Amino acid sequence: MLTSHRNTSQGSPAALLDAVDHSVPTAPADDPRSGGHVLVVGAPGPRRERLTRTLRATGHEVSHAPPGDVDRRMAQAQPDAIVALDDRGEPGAHGDRGPDVIREVRTAPAGRALPLLMVTDGPGPSGVADMLRRGADDCVPEASDPVELSARIEAKLRRVPVPVENLPRDPRTGLYSHAHFLDELDRELQRPEAARNGGVLAVVRVAEMAALEARLGQRIRREVAERLAGVAERLGSFCDRLGWDDDGHLLMLLPGVDEETARRGLEKFAATVAGTRFIVADENVRLTPAIGWLPLAGCADGDRATGQARDAVQEALRHRDLRPVRYAPWMRGTPHRHRRPSLSALIRPALSALSPVLALLLGVAVPFVLYLQTYALGWDLGSAMYWVVVAGLVLSALLIVLECLFSLDAAARPESPGAPYPPASAVIAAYLPNEAATIVETVESFLRLDYPGELEILLAYNTPHPLPVEDTLREIAARDPRLVLLPVAGSTSKAQNINAAVTRVRGEFVGIFDADHHPARTAFRDAWHWLSNGHDVVQGHCVIRNGESSRVAELVAVEFEAIYAVSHPGRTRLYGFGVFGGSNGFWRTDLLARTRMHGSMLTEDIDSTLRALGEGARFAVDRTLISRELAPTTLKALWNQRSRWAQGWLQVSLKHLWRSLRSPVFTARQKLGLFVLLGWREVQPWLTLQILPILLYSAWKAGGLQRLDWAVPVCVLAVLFTMAAGPVQALFAWRMAVPELRSRGRWFWSYLLVSTFFYSHFKNMVARQAHLKEALGDRQWRVTPRAAAAKAVARR
């Protein structure tokens with residue numbers, strides 16, 4: 001073998017290539033090093049010629065390929081190794097071609113297993129590390145000795161690198177290759193089902209994969225899979241075997257696990273991934289895992305089962321809400337719209353239309369008949385229910401009065417921030433056909449915000465077809481880089497828009513807004529005072545800005561003062577927690593990233609709030625943190641909005657009440673508040689309706705209405721106290737209102753009268769109908785038309 005005779009005095013980059021004719025003898029034909037075919041990749045020129053002479057002088061057969069033509073040249077004559085010139089130091093070179101050459105070689109099927117050496121012109125440690133990460137097997141400085149270059153090539157030829165996917169398991173991460181994972185899966189499926197004792201297959205993909213590949217190349221797929229596998233291993237033994245495929249999916253085999261245990265484990269895995277910042281190819285990124293899974297019971301073929309789990313992944317990618325999606329047959333080639341409607345789906349609209357009649361039957365007729373039947377059996381249930389209803393009405397009124405009193409002592413915003421102002425992000429969720437008339441005005445109001453740190457405004461929107469307003473928005477974004485436009489293809493809800501945006505934002509905290517909101521100039525500065533002093537979420541005060549447009553908008557304007565200026569601060573003070581993080585809500589980005597919003601919930605923000613509270617997050621309510629929005633202007637629009645709110649609250653109650661009362665996270669005081677908010681508020685609309693069957697029953701028992709004694713002191717006092725709660729709330733709403741509304745005294749007097757004699761009953765009717773809709777499975781989202789829009793639009 002030749003010995004190295006490095007000339008340390010030759011320090012110029014071309015020393016290696018210039019000295020070849022004098023320092024390296026030509027290898028004889030019987031030299032064991034001879035015969036290796038090396039493909040030299042580089043632009044024609046002196047550097048390539050010198051490298052060619054060096055390789056031939058050390059016994060290698062050499063062919064050439066310019067960048068961009070590597071795949072074709074390899075197909076013509078398969079080389080044993082590839083040596084590429086990194087041309088970043090070449091005069092006139094455009095960009096950084098080294099990584100491009102690596103990507104070109106490694107994406108070609110023939111180049112995946114070939115040794116690849118880069119001859120570099122001193123890129124420094126970071127440049128060498130980057131090329132090695134991207135797929136180079138070695139980097140040789142151009143000033144190295146020619147014999148060293150030859151020896152490195154020969155070493156690679158003697159020990160040809162084997163791609164990880166060709167090994168049964170990655171020796172570093174323990175990941176199975178795709179083929180070997182399928183072997184493991186098939187082995188599991190061949191076991192008798194009785195011996196399997198359950199088992200689940202899951203497939204994971206990240207929603208950001210396409211964007212990462214566009215910037216960093218396809219090799220990022222393996223690196224992302226490794227990061228996901230690392231999280232799964234840190235969580236413990238809920239997953240038995242892990243693998244990955246060429247598309248970047250993480251494959252998870254969970255044998256001997258029941259479906260509920262698997263689902264909980266996958267949910268924990270997803271939340272952990274979403275709440276972690278990863279270093280991928282030297283970039284700090286946040287990942288959104290989309291998980292599809294199916295039980296192994298009934299599966300016979302591993303390849304088919306994996307394909308079905310991938311179909312479920314596609315459904316999970318649409319929502320980006322971190323919830324694992326169980327495979328269903330319709331996910332493969334049978335979209336929702338092509339499925340034949342079931343009988344219940346045909347009957348449901350008719351039953352929903354009759355819901356007011358059904359409410360009267362269930363709330364009046366059925367109890368009246370029950371009272372009569374129990375009386376015939378010797379039990380005076382109707383009289384007992386009378387005192388239950390009286391006590392319930394008094395309790396409801398008392399809770400309203402307590403909220404009003406506690407709102408006077410609501411916590412004040414910290415005077416100064418607890419840390420310097422960090423980068424912040426505003427996310428505006430919009431459905432453009434509904435927002436086209438107002439969105440430009442909204443965006444311009446955000447661009448006028450006064451925030452001491454960096455502030456980006458991200459408009460996350462969906463639209464079924466292109467709209468002229470998009471051109472205007474693109475012009476604004478080109479003029480002001482703070483505005484980032486994010487079209488969310490396939491989105492059907494505000495939740496999906498927010499979920500798509502949360503991994504794209506750069507801010508340490510995020511303000512969430514609907515497309516009609518105009519926050520106060522200092523809103524983000526004020527929000528950071530809370531978040532930097534120990535809170536995780538702060539909900540601001542939503543103020544109606546179109547109250548003059550109609551009587552309905554005027555009513556809602558005062559009602560919002562009663563909600564945001566009185567009820568929310570009062571409840572927070574009374575029960576020890578805030579309960580709303582929706583529009584004009586500010587979240588720490590890490591918390592929102594691992595919580596997300598669930599589009600299946602009609603009040604997705606309240607659901608997210610309760611899930612975050614269950615993790616121990618701290619919520620604050622600040623009535624001085626102002627954002628102005630639009631109110632519905634017609635009674636029909638108001639009915640649709642409040643119907644969605646009421647049904648959404650019911651969904652949240654059904655989902656969270658029982659688990660919240662059992663949770664060790666909440667104190668006894670907080671559990672009492674949760675019982676009131678999630679339990680009592682759902683009972684009250686039906687309890688107030690019991691006045692009618694009790695009155696009918698009492699009249700029947702007394703022999704007619706004229707024989708009833710209406711002046712019972714307890715009854716009179718209860719009625720007076722109950723009716724006084726509305727005026728008290730209106731008075732406090734006026735006292736706490738923002739100045740521009742407080743000056744509208746007539747609006748508050750009107751609200752007092754309308755609320756006492758009509759609006760409270762209207763909201764109870766809405767709540768009862770919403771309960772019936774939920775029971776019937778009617779969860780259609782009807783968009784509230786904006787006041788500035790000319791026409792109401794179709795549902796979102």
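**Buried rings and cores**

Mentor: Let us begin with Y759, which is buried, since its relative accessible area is 1% and the cut-off for buried is under 20%. Please keep in mind throughout that this is a predicted model.

Trainee: Is F762 buried or exposed?

Mentor: The relative accessible area of F762 is 6%, and a residue counts as buried when that value is under 20%. By this reasoning F762 is buried.

Trainee: How are the rings of Y759 and F762 arranged as a pair?

Mentor: Y759 and F762 both lie in helix α30, three residues apart, which is about one turn of the helix. Their ring centres are 5.8 Å apart and their planes are at 20°, and planes under 30 degrees apart count as stacked. The pair is therefore stacked.

Trainee: Which parts does the aromatic pair of F446 and F513 tie together?

Mentor: The rings of F446 and F513 are 5.0 Å apart from centre to centre with 80° between the planes, which is an edge-to-face pair. Both of these residues are buried. Because F446 lies in helix α18 (residues 439-447) and F513 in strand β16 (residues 509-514), the pair ties together parts that are 67 residues apart in sequence, namely α18 and β16.

Trainee: Which residue has R681 lying over the face of its ring?

Mentor: Here we look for a charge over a ring, and R681 lies at 4.1 Å from the ring centre in question. The ring belongs to W649.

Trainee: Which residues touch the most other members of the largest nonpolar core?

Mentor: The largest nonpolar core has 83 residues, and its largest share, 13 residues, comes from helix α22 (residues 551-575). Leaving aside residues up to four places away in sequence, L610 touches V579, V652, H656, L674 and L678. The residues that touch the most other core members are W587 and L610.

Trainee: On which side of helix α10 do M209, L212, E213 and L216 lie, and how wide an arc do they cover?

Mentor: In α10 (residues 209-216), the residues M209, L212, E213 and L216 are buried. They lie on the same side of α10, because around the axis they cover an arc of only 100°.

How values were computed. Residues numbered from 1 in each chain as written. Predicted model: local features only at pLDDT ≥ 70, side-chain atom pairs only at ≥ 80, totals over all residues. Heavy atoms only, no water. Core = buried A, V, L, I, M, F, W, Y, C linked by side-chain atoms within 4.5 Å. Buried < 20%, exposed > 50% of the residue type's maximum accessible area, 1.4 Å probe, protein only. Helix = DSSP H or I, 4+ residues; strand = E, 2+ residues; numbered from the N terminus. Contact = heavy atoms within 4.5 Å. Arc of directions from axis to C-beta. Phe/Tyr/Trp six-rings, centres within 6.5 Å; stacked < 30°, edge-to-face > 60°. Lys NZ or Arg CZ within 6 Å of the ring centre and 35° of its normal.
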